[in-house]
Amino acid sequence: MFSKKIFDYIAKLILMLLMSFSFVYPFITTLLFKYTPLQITGVILFFLLLFSILFFNRMTTRISVIAIILGSSIFVGYTLFSGSIYRLTEPFVWLYRYINGTESIKEFFPLVFTLLFSFVFSLAVYIFTVKKFSFHIILLTGISIFCAQWIFNYFAQNAYISFYTFIISIVIYYLLHIYNKKSVQESNDFASLSSFIILAVPVALLVLFLTSVIPASQKPIEWKWLDEKINTAFSNRSNIFGSDYFSLSTTGFGSSSNKLGGNITPDDTLVFKVKAPNVIYLKGCSSDQYTGNSWVNTNISYSDLNDQNNKLNFDTYELEHGLPLLYDSHKTLESYTPDILHNIPIDKINISYENITTNSLFVPLKAYSFFPASYRSDMFVNPEGILLSRRSLGKGFNYSFQLYNIKYSDKDFQNLMKVSERYLYDSYLEHCLDKINKYIKTNVLNIVNDNGDNIWIDTNEQEIEQLILGAPDTELMKNQLTDYIAAHFNPSLNLSPEVKQTYMNTSNFINIIDSQNTYEQSFDPFEWVISLKSLSSNSNSIYSKYLSIPDTVPQRVKELAVSITQNEKNDYDKVKAIEQYLSKNYKYSLTPGDAPKNYDFVDYFLFEHKEGYCTYFATAMAILTRSIGIPSRYVEGYLLPYQPINNDLYEVTNKQAHAWVEVYFEGIGWLQFEPTASFGNNLYNTKENKSTGQTPQINANNRPINSSAPNHQKNIPQQTVTAKAINYKLIIIISTVLAVIIIIFLIVLFNIHRRKRILTNFAKLPPREGIIELYNYFMKYLTYQKADFKGGETPIEHAKRLDNIGRFFPNKMEEITKIFVNARYSPEEVTQSDFNKVLSFYQPVLKATRENLGIVRYTLFMYILFKL
């Protein structure tokens, strides 16, 4: 007998292991967690064995449930009072951002969710296999998982092993379901449970074999009327409710997954209205890392909008401080230098949200002075220069900003950009340091007294340079240099303190250094050192981050980039050559189909398919520019329509959702490029500029607005987090849903246990009392069915009436009622056999209750409301 139970348990354990694996592994593959099937199986086996111990019998189950609830309560309470509740929410926040492509995979969090998925599904499978067998719940769970993954295109190729495992397992579960039903109705002397499961395996394998060999149509089942309604519902949801952070997938433009490509159907939902003098590109999101079929962000950190270190402010800072260097460089090469510095107009832009709800704000490059000011404390900037809000922004929200409106089609601007090159900042920094050192040496260190003796000795040019480069601001730099010079008085002169002070006063050179450089006109060169240090540091950070190319990109892509640009002499012309090559040689299409799973997305577009929409062109250009050593990034947002509806008012719909490329150049920062076929006129249009006519302060006297540089060292290579963008609304919703699910689950378990306890207590009574209690318990069920006694009706008459209408068919209530009447009113002996017969009528009563109440009311009364 004991060995039979062991074999039965082992058979069920294997079956539960297979079913749990089929539930867990699809999630692991979809999320790209790097765990093997064997590892997942080991984790699930551990949990199943643990549950077998914890829930071995009633006593261990009660102790385990109480211990788990108590331990969880203590842990949650501790985290709340210790202020570390974020530790509980942090994994879920990471998962949300990871799914949306704004967070890279981490080492610890995938393990957490692998254990969580394994625990939850293993527990559910254990309960509905061992404790409360339910084939239907297991079946619906599996169908829901696989259908959802296929519908939303989340199913990974290597997850088919889990699907095949599910098919085999669910067939065995169904046969086990039949086995259990037959075992309840009549004795089974044919086979033990373990033998039955073993015999069911060949049947399951046969079913799997037949389903795999029978030919299937390559086209999915199509119900056009249903497809249209579902698409409309999902489209309305995306367009009206939006999402926390913008991406093309939230506009109805593109796939809901992060995977690039596929057919799209843009809609004309009005998103916002923009008041602007010209067509502009409004950034909503940007990514730095290409994976082979998607774009993701590798650095998820945030800075306050008011922090001048953030990437949005620094891009404008680089324009203000870098253009004078390009101007100066151009003067050394050409007799005519375009007066670009005095011709960049400043536009004022106003945006009003319509049918959109998001935490993203849409801002072009080179923007500043954001209003309303009341929202500034709630705004923050990510490492890509994207402006975000802690608040959810919806219809009625409006904001404005000012913009340096660069004329990309201007020939003088294009010529100026041709002198941009890497290490431009380093060369000017080196030149500036050299000038300072020469001045110090000539006008200070060579000073002699009346006897011809040097006042200062043993000074070191490299030490002076290190002092300059190491100082965070100009004031400290000057003080340190003064102290350094003062510490190097010639000790052999035996100067008195008064004489030393006289020399110090006459040699207050640090504050009067003047430079002869054109780009430094009337500037303190120490301020230029601070500015150039910051610009150089930012440039080095960008070159280290925005040149990465995954191994999925074949060599022929890189060779193509070289061949396109081989005749160009400077970085700007190389980028323009790539832009024009893509726009002229590839076809624009909204229905390019899906890229094959084994192909790199860029390689497939460039060499095989050669048609696509904006994400195809933008991704290809980003990788091609990186292939020749020029930093670039992929950007998504909105492009204003070519014509306004009224003067300078533009209406932007989801049809204007767009993707493009930003490329980095020293001397100006990030610039946008338009490689998508037929879209070039939007960026390089020759329409008359209708800007306000304002001129940036940078151009008034050929110098930057703010001569003090941001301390950009904080941002390189890892930015200091000054504001965390935690979506508390999402966390609250997830926590509430999980809490409700857990509470309902516990209530259901408690009700199941309560009813078993009631029946167990009846069985402990003497047969006569047990029968009476059971009968009264049955009457409670009949009352909710509205099938209780009518006026003046005896128990026998009541039973006959119900039997005549087939209430418990094929069972007869009259037989049970006669036993009750005998137990209640007759002195005749009542046996245990009589009690067992009445107890066996419990299942027909449940069945009749379910049929007459309906599944919803029956579930509520039985499992939630404690009615039955």
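Asparagine 647 sits in the loop between strand 14 (632–639) and strand 15 (649–653). This is a predicted model, so local features need pLDDT of at least 70 and side-chain atom pairs count only at pLDDT 80 or more, while totals for chains, interfaces and linings use all residues. Residues are numbered from 1 along each chain as its sequence is written, and side-chain values use heavy atoms, with hydrogens and water left out. Helices (H or I, at least four residues) and strands (E, at least two) are DSSP runs, numbered from the N terminus.

- Asparagine 647 is not a glycine, yet its phi is positive, at about 55°.
- Asparagine 647 is also exposed, with a relative accessible area of 62% (exposed means over 50%, buried under 20%, partly exposed in between, using a 1.4 Å probe and protein chains only).
- Lysine 786 is another residue other than glycine with a positive phi, near 60°.
- Look for lysine 786 in the loop between helix 23 (767–784) and helix 24; lysine 786 is exposed, with a relative accessible area of 75%.
- Phenylalanine 809 and proline 810 are joined by a cis peptide bond, with omega at about 10°.
- Proline 810 belongs to the loop between helix 24 (795–804) and helix 25 (813–825).

- Strand 16 (residues 657–665) and strand 17 run antiparallel and are joined by 5 bridges.
- Opposite phenylalanine 665 you'll find glycine 669 in strand 17.

**Serine 287, in strand 2**

- Serine 287 is part of strand 2, and with 8% relative accessibility it counts as buried.
- Neighbours within four places in sequence aside, serine 287 is in contact with Trp295, Val296, Asn297, Glu384, Arg633 and Tyr634.

- Strand 9 (residues 379–381) pairs with strand 10 (residues 387–393) in the antiparallel sense, over 3 bridges.
- Valine 381 has leucine 387 in strand 10 as its bridge partner.

**Helix 13 against helix 14**

- Helix 13 (residues 461–470) packs with helix 14 (residues 474–486) at an angle of about 155°, their axes 9 Å apart (axes are lines fitted to C-alpha atoms, for helices over the stretch in contact, and angles run from 0 to 180 degrees between N-to-C directions).
- That makes the two helices roughly antiparallel (angles over 145 degrees count as roughly antiparallel, under 35 as roughly parallel, 65 to 115 as roughly perpendicular and the rest as oblique).
- On the helix 13 side, Glu463, Ile464, Leu467 and Ile468 meet Met477, Gln480, Leu481 and Tyr484 in helix 14.

Key
Contact means heavy atoms within 4.5 Å. Two strands pair if DSSP finds at least two bridges between them.
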